[in-house]
Amino acid sequence: MQKKTVNYRASIDINYKNKCKTKSNNKTMSNFQNLLIQRRSIRKYKDELLQAEETEMILKAALLSPTSKNAHSWQFVVVEDKEMLEKLSRCKEHGSKFIADCALAVVVLGNPLVSDVWVEDASIASIAMQLQAEDIGIGSCWVQIRERQYNEQVSAADYVSDMLEIPMPYEVLSIIAFGKKEKERRPNDVEALLWENVHIGEFKS
Ligand SMILES: Cc1cc2nc3c(=O)[nH]c(=O)nc-3n(C[C@H](O)[C@H](O)[C@H](O)COP(=O)(O)O)c2cc1C
């Protein structure tokens, strides 16, 4: 039987060129593809608080995210206190310092006793919050905690758990930092997508 080959890249490019217009800051995205293109990790923030409604929307995104067997294995710790943010920023040697300057950090926890796939549940909640933040013009960055070290003896997860008095059996997956963007970053380059990582029908190198 002859195989039907579809040029996904070409059709997506046409779609993209026809429909997408780069959004200007603070405007609600016109479509989901634009949102995905626009979202970049933001590590420099204005010294400005988020409005309560903005924080609520971000947390709602987490609580609306799907979980395996609808078991809701996650918990979230919301940190806004400057001193606590500064302490959190020292949770690992690299890739967390900017937490000190963010307006809001959400520590994402999972309960392995509730779900064997708590990592997936907590990851989906993490990205849902990031996408919601981008949609309302707020910058964010994921800080990886699971499998990372505070120092040679202490894991980043233990450091964060001690600091925030997180009880057993909760595990810390990530900290998502949020804040008003100091400046916009260049959107993702649609021309540079890794189409070679997509295999149609069967895996071919
Ligand atoms: C699972 C995961 C862990 C990450 N951990 C960190 C981190 O610890 N520190 C950091 O600065 N960025 C972290 N990032 C952000 C990535 O570095 C970033 O998403 C990637 O470089 C692509 O850039 P972009 O988000 O601007 O598209 C993480 C992202 C993911 C998805």
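The protein chain has an average pLDDT of 91, and 85% of its residues score at least 70; pLDDT is the predictor's confidence in each residue, on a scale from 0 to 100. Over residues 16-29 the pLDDT falls below 50, and this stretch has 19 contacts in the model beyond near neighbours in sequence. Two residues are in contact if their C-beta atoms, placed from the backbone, lie within 7 Å. This is a predicted model, in which local features need pLDDT of at least 70, side-chain atom pairs count only at pLDDT 80 or more, and totals for chains, interfaces and linings use all residues. Residues are numbered from 1 along each chain as its sequence is written.

**Overall layout**

- The protein chain contains six helices and four strands; helices (H or I, at least four residues) and strands (E, at least two) are DSSP runs, numbered from the N terminus.
- Read from the N terminus, the order of elements is α-α-α-β-α-β-α-β-α-β.
- Of the 205 residues in the protein chain, 29% are buried. A residue is buried if 20 or more other C-beta atoms lie within 10 Å of its own, exposed if 12 or fewer, and partly exposed in between, with C-beta atoms placed from the backbone.
- Contacts in the protein chain between residues at least 6 apart in sequence join residues at least 24 apart in 76% of cases.

- In soluble globular proteins, nonpolar side chains tend to be buried together.
- The largest nonpolar core here has 40 residues, and A105, V107 and F178 have the most contacts inside it. Two or more residues of this core come from each of α3 (52-63), β1 (74-79), α4 (82-88), β2 (104-110), α5 (118-135), β3 (138-144), α6 (156-164) and β4 (171-180).
- A nonpolar core is a set of buried Ala, Val, Leu, Ile, Met, Phe, Trp, Tyr and Cys residues joined through C-beta atoms within 7 Å.
- Apart from neighbours within four places in sequence, V107 is in contact with F76, V77, V79, V160, L164, V172 and I175.

**Strand β2 at L109**

- L109 belongs to strand β2. L109 is buried because 24 other C-beta atoms lie within 10 Å.
- Leaving out neighbours within four places in sequence, the contacts of L109 are W74, Q75, V77, A122, I166, Y170, E171, V172 and L173.
- L109 and S174 are 65 residues apart along the chain, with their C-alpha atoms separated by 7.4 Å.

**Helix α5**

- The end C-alpha atoms of α5 are 26 Å apart, which agrees with the 26 Å that its 18 residues should span at 1.5 Å a residue. The expected span of a helix is 1.5 Å times one less than its number of residues.
- Buried residues of α5 are W118, D121, A122, A125, S126, M129, Q130, Q132, A133, E134 and D135. They pack against α2 (32-38), α3, β1, β2, β3 and β4.
- After α5 comes G137, with a positive phi near 80 degrees.

- Just after α6, E165 has a positive phi of about 55 degrees, although E165 is not a glycine. E165 lies in the loop between α6 and β4 and counts as exposed because it has 7 C-beta neighbours inside 10 Å.
- P169 is also placed in the loop between α6 and β4. A cis peptide bond joins M168 and P169, with omega about 0 degrees.

**Other local features**

- E147 is not a glycine, yet its phi is positive, at about 70 degrees. E147 is in the loop between β3 and α6, and it counts as exposed, with 10 C-beta neighbours inside 10 Å.
- L36 lies in helix α2 and is partly exposed, with 14 other C-beta atoms within 10 Å.
- Between L36 and P187, which are 151 residues apart in sequence, the C-alpha to C-alpha distance is 8.9 Å.

**Ligand surroundings**

- R40, S41, R43, G95, C141, W142, V143 and Q144 surround the ligand. A residue is near a molecule if its C-beta atom, placed from the backbone, lies within 6 Å of it.
- This shell divides into three nonpolar, three polar and two charged residues. Ala, Val, Leu, Ile, Met, Phe, Trp, Tyr, Cys and Pro count as nonpolar, Asp, Glu, Lys and Arg as charged, and the others, Gly among them, as polar.
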